[in-house]
Each structure stands twice: as structure tokens, then as C-alpha cells.
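Thanks for coming, everyone. I'll take you through one protein structure today, and I'll keep it short. Please have a look at it first.

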Amino acid sequence: MQDPVDRSRRRFIFQTGVGLLAAASMPAWVRAMEMHGMPKLTPNRASPAFKPDVEIELAARQGSISILPGQATRVQHYTAKLLSGPKDTLTELPSCYLGPIIRLQKGQKVRIHFRNDLMEPTITHWHGLHVPALMDGHPMYIIDPGETFVYEFEVINRASLNIYHPHPHEITAKQVYYGLAGGLIINDEEEARLELPSGEYEIPIVLQDRRFNAQNQLIYGPHMHDRMMGFYGDRILVNGQPNAEFEVASRAYRFRFLNGSNARIYKLGWSDGTPVTVIGVDGGLLESPETFPYVMLAPGERLDVWADFSGRPKGTELTMRSLPFSGVLPMMAEHMGGRGGRGGMGGMMGGMGMMGAMALPVGSDYPLFKIRVTRETGESPKLPSRLSKIDRYTLDDVANPSKPVPIAISESPMAMLLNGRSYAFDYIQPFERIPLDTVQLMEIFHTSGGGHGMGHGMRGRMMGMMGGHGSDAQPEGQGMGGMGMRGGMGMMFSMAHPIHLHGDQFQIISRTVAVERADSYATVKDGLVSSGWKDTVLVMPGETVRMIKPFHHFKGVFMYHCHNLEHEDMGMMRDFLIE
């Protein structure tokens, strides 16, 4: 797919590797004019050469909807209109502010006219989709109110549940919190042959937490504590509604879970102790079903769950809960009782908002939704023993087996950083430049403790991972949040981060955790699903995650960042340049 002929000079500079090199050699004052902050580019237009199989009008706009009894709640939301394509392409969720579910088929060519009807800039990212850089929703492509950006891409992903949501720099969290998000389901022939539960037996489950004031309006005004911990609500919404209940028959269902919260991590488990059967993750079906006592679900992650109610009599009730766990908040918060519903100062650390309202404590035990069996049936599909074929990568396939690409997490009271830096659009480091059509070993780890050492030892390890590119490649300390922060104090601020990588999805090959974090890690480890294709991974304090990621098909700038959205807006975000 080619860029439009009338693209601006700055789009050419920022979208090509040659342009980035040229920009780096410009005089400082020219670079400051062209590259300081996000460039304002001409919105992409439809290409006459592109012949879509599906064409959609999508808009982000203000609205209101009844969520709680009484006054309607003002929201931001996506609306859509199908211009051409299969009739089942768009499915509205009833009485819900979330955008319609977009259902696409692998191999389809898709054109989406996205219009900004908000009162502020925005752009939409297709979280999980592997599309050209121009179509990925990078913040550099934000459009102003009244403007339209045209996306054109071919669906090359396998069957999976993905997300569409805004991605403007520094205001993503607010826009998602006020309602801008939706699900995007891809189907393919491999999945269709399995005849998994569909139609009324395939249920989307979008989990979000929100705070409301006395007038039923959403509260969002993060002060520094909320920015550092993430913004937590005091009420759980499922598909945009509180106190969710689902009526089911005594047969098998397919639950498509999506964590749409800004920061909240869930530990999903059935109230009667029934194991959770997982058939898919972010990037689609696993090779075979896997059973867990519970499953962890971080912001941006998805889970495909087989839920079989066969044999349960009419009137049976079952609750999906978030079960107790620890270790996702900084140690200083947990030491003061900030988890598990404890009171006192720790409870404040666990979720006191600027309005003084106590959020639902992180890691506590609370219900998410209720299942009620309302009819009995003897007909039900059987769980397939084999789901899909996944070509697994090994270290023999990677271009850098001894020098993994680093994603180093560091935290302080004033900064959340990746590779020692806050986000800067034009600040791609040598180790963030990846050759096209290579497969790379990557490693995510915490610099504040976690057994990696600090100071010169940490720098030496980073230098080795980056291939010894010299001083310019070294992550630089920025106050207490940088690489120079010593382990003892750093560990007090260390917390869990869901790390999301744009572009190709990846395969996790190992997880290890520091000894000093083993106790809290034990409360989550049996629910970490590491199989299959992933695009978002929860990295616990003291944990090191190694993964293999291909970089195929598309050149250009692709982001990687924390999907705790307050952290993302703080600048816990970086770019890869695929060249």
C-alpha cells in the first residue's frame, strides 16, 4: 500500500527511515521547528487505487447515555455507519457507550473514514492489528476537530479479538476513560472450521472501572498520585453497565474478555472454584485449550474463554470475581496496607482520588458479573482438543540471540520511564532501529531491583544488550527515575506494567522473577497465560520477560509503551523505527 501522492513534506520526513536520518542531521533550530513535540500532518485521504471490500464511516463525538438510575451520563463515544460490506460487519452493544463491534474477515481490504467530532484532537489506533505505519494511529497523525483521516489496510491478522481506541499523546487516558473504545473481531477459515460457540453463545465481556459523582457524571481528574498509580474507579462496569448479569442455557459459551480499564488489573476466577478454560489470547486461538485456577487480565489484554454450563440445573447462579492478589502496586503502598481492602493510610495509597472518593482497592476480592442459568438444553458443542497451528519461534530464528533488544522499566515519584527516557517523538535510539524482515529477541525488565543490579552494573548489562553502540545508546538517568537510581529505594516504587508493542505480535519464551518478589508473585503466577501470540504482556515487579517478535511487512515508526494509560500519557512510551 502506498502513501497518498499529496502527502506533506513533513509526513515524508517522519515516515521514512531516510527522512529520520536526514532530520537528525539538520541544524538544531530547524529540527526544533520541525520536530519539537508532535508534527501536525495533513490527514490521510482515500486512495483511488485502493478497492475496499468493507467501507465504514467512524466518528468520535460527544454524547450521553443512561448508565446509573437517574440523570444520563455525558460521554465520548464512537459511532459507525457501514457504507459497503457484509451486513454483520457492525454490531451495537445494547445500552452501551462503547463503540460498535467491528467484525472483519482475514484477507478483506478495509477503508475507514474516521471523523473527529470532539472538541479536541484525536486519532484512532487499531490495537492488535498489524497494519502499515501510516494506518496504525500513531500520535503524529492526530486530527483536529472537524477533520477526517482515512485508513486503508488489508486484514492480515489471524482470527482474534482486538481493540480500537484513541492514541493522542498525553490525552489518551482521558478519552478512553470517557468512553472512546470498541472491540474489533477478526474471523478466518481456520477458526471457522472449529464451529466454536457463536451468535448468542459468543459473549463480549469488556471490563472497566469508573467513578461517578452525585449527578451520575464521570469523575476524571488525576492528580500526581493517580498518575503514578493509575486512575482507579470505585465501580465495575461490564459492557458499559453496572451490576451485569447474563442469562445462559446449560451449554458451552465463548466469552471474549477485554480489559478496557485505564489501570486496573483483574484476577478472573469463578465463585465456585471451577477452573478457567482459556482457548485464546490477544493474537487469537492457542494451539490447544489450557486450564487455569484463575487468569490475570491487564489493561489492553484479551482472553478467549470457554465457559461450559452443561449439566447445571435451571436457576443456578455463578459469579465471575476478581480474586485477591498482591504485588502490582509499589511496595511502599502495600507495606502501608494499600491492597486487599485494608484501611488506613495504605487504603489511601491504594486508590484515593483527588475528589476524596475511595476507589475499589487494587487486588481485593469483588464481583464482576453474574451468570444465571435460565433454560436447560441437552445440545452443546464439545471443546476441541486442537484449536490452531502456531509456528513457534526459537532462539535459532532470531537475529540477535546474545543481544536482546531491551525494554527497561524504571519508576520514581516523578517519572515512569522506558529505557531511561520519557517519550520524545524524534528521539529514536540506535537499539530502537530494527531491520525490516528480521526476528528479534526482546527482554523486558525492571531496573529498580529485580536482581539486575544498578549503577555501573546496570549500565554494563544495558550496553551489552544494545550491542555496545556507545554513549548515545545508553539509557540516561532522569532524576530519581533514571537508570542511576539505587536498588533499595527503587524497589519501593516498582510496580506492575502492562507493556504493549505495536506492529507484529510476539511469543513469550520465558518469565523469571527476583527472589525478593517471589511471595507476591505467587499470588498471580498461576494465572499468567504465556502461550500463543501476544501484543500486551503484564510485567510484575522484579520480573524479566523474554519474548521473540518478528518485524515483518511494514517500514516506519511503531510505538511501544505501558498500557496503564496514565503512565502512557506521562511519557512511558517509545518508538521503534523499522527500516
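This is a predicted model: local features need pLDDT of at least 70, side-chain atom pairs count only at pLDDT 80 or more; totals for chains, interfaces and linings use all residues.

**A walk through the model**

Let's start with one residue. Asn 239 counts as buried, because its relative accessibility is 11%, and the cut-off for buried is under 20%. Where does Asn 239 sit? It is in the loop between strand S11 (235-238) and strand S12 (241-242).

Now a second residue with positive phi. His 553 has phi near 75°, and it is not a glycine either. This one lies in the loop between strand S29 (543-551) and strand S30 (556-562). Is His 553 buried or exposed? It counts as exposed, because its relative accessibility is 53% and the cut-off for exposed is over 50%.

One more loop residue. Ile 67 is found between strand S1 (54-65) and strand S2 (73-84). It is buried, with a relative accessible area of 6%. Which residues does Ile 67 touch, leaving out those up to four places away in sequence? They are Thr 73, Tyr 97, Phe 212, Leu 237, Gly 240, Gln 241 and Pro 242. Look at Cys 96 too. It is 29 residues from Ile 67 in sequence, yet the two C-alpha atoms are 8.0 Å apart in space.

Let's step back to the whole chain. It has 12 helices and 31 strands. There are 579 residues, and buried ones make up 61% of them. Take the contacts with a separation of 6 or more: residues 24 or more positions apart account for 80% of those. The chain exposes about 21300 Å², and carbon and sulfur atoms supply 53% of that area.

Next, a sheet. Strands of a sheet pair through backbone hydrogen bonds, either parallel or antiparallel. Here we have an open sheet of 5 strands with mixed pairing, in the order S3-S4-S9-S8-S6. Which strands are at the edges? They are strand S3 (90-91) and strand S6 (124-127), and each pairs on one side only. S6 pairs with strand S8 (residues 160-166) in the antiparallel sense, over 4 bridges. Within that pairing, Ile 163 in S8 is the bridge partner of His 127.

Now the end of our strand list, S31 (residues 573-578). 6 of its 6 residues are buried. Met 573, Asp 575 and Leu 577 are on one side, with Arg 574, Phe 576 and Ile 578 on the other, so both faces are covered, given that buried means under 20% relative accessible area. S31 pairs with S30 in the antiparallel sense over 6 bridges. With strand S24 (residues 433-434), S31 runs parallel, joined by 2 bridges. Keep an eye on Leu 577. It is the bridge partner of Val 557, and Arg 433 stands opposite it as well.

Last topic: empty space. Rolling a probe the size of a water molecule over the atoms shows where empty space is left. How many cavities of 30 Å³ or more does the structure hold? It holds 7. The largest cavity has about 100 Å³ of space. Its lining has 15 residues, and the closest to its centre are Ile 101, Gly 182, Gly 183, Val 206 and Leu 258. S8, strand S9 (182-187), strand S10 (202-210) and strand S14 (252-259) each supply at least two lining residues. By type, the lining divides into 11 nonpolar, 3 polar and 1 charged.

That's my tour. Over to you.

Technical notes: Residues are numbered from 1 along each chain as its sequence is written. Side-chain values use heavy atoms; hydrogens and water are left out. Two strands pair if DSSP finds at least two bridges between them. On a 1 Å grid over the protein atoms alone, a cavity is a set of points where a 1.4 Å probe fits but cannot get out, and a pocket is an open set with protein on both sides within 12 Å along at least five of seven lines; lining residues have an atom within 4 Å of a point. Grid points are joined across faces, edges and corners, and a volume is the space filled by probe spheres set on the points. Ala, Val, Leu, Ile, Met, Phe, Trp, Tyr, Cys and Pro count as nonpolar, Asp, Glu, Lys and Arg as charged, and the others, Gly among them, as polar. Buried means under 20% relative accessible area, exposed over 50%, partly exposed in between (1.4 Å probe, protein chains only). Contact means heavy atoms within 4.5 Å. Accessible areas come from the Shrake-Rupley method with a 1.4 Å probe; for residues, only the protein chains shown count as cover.
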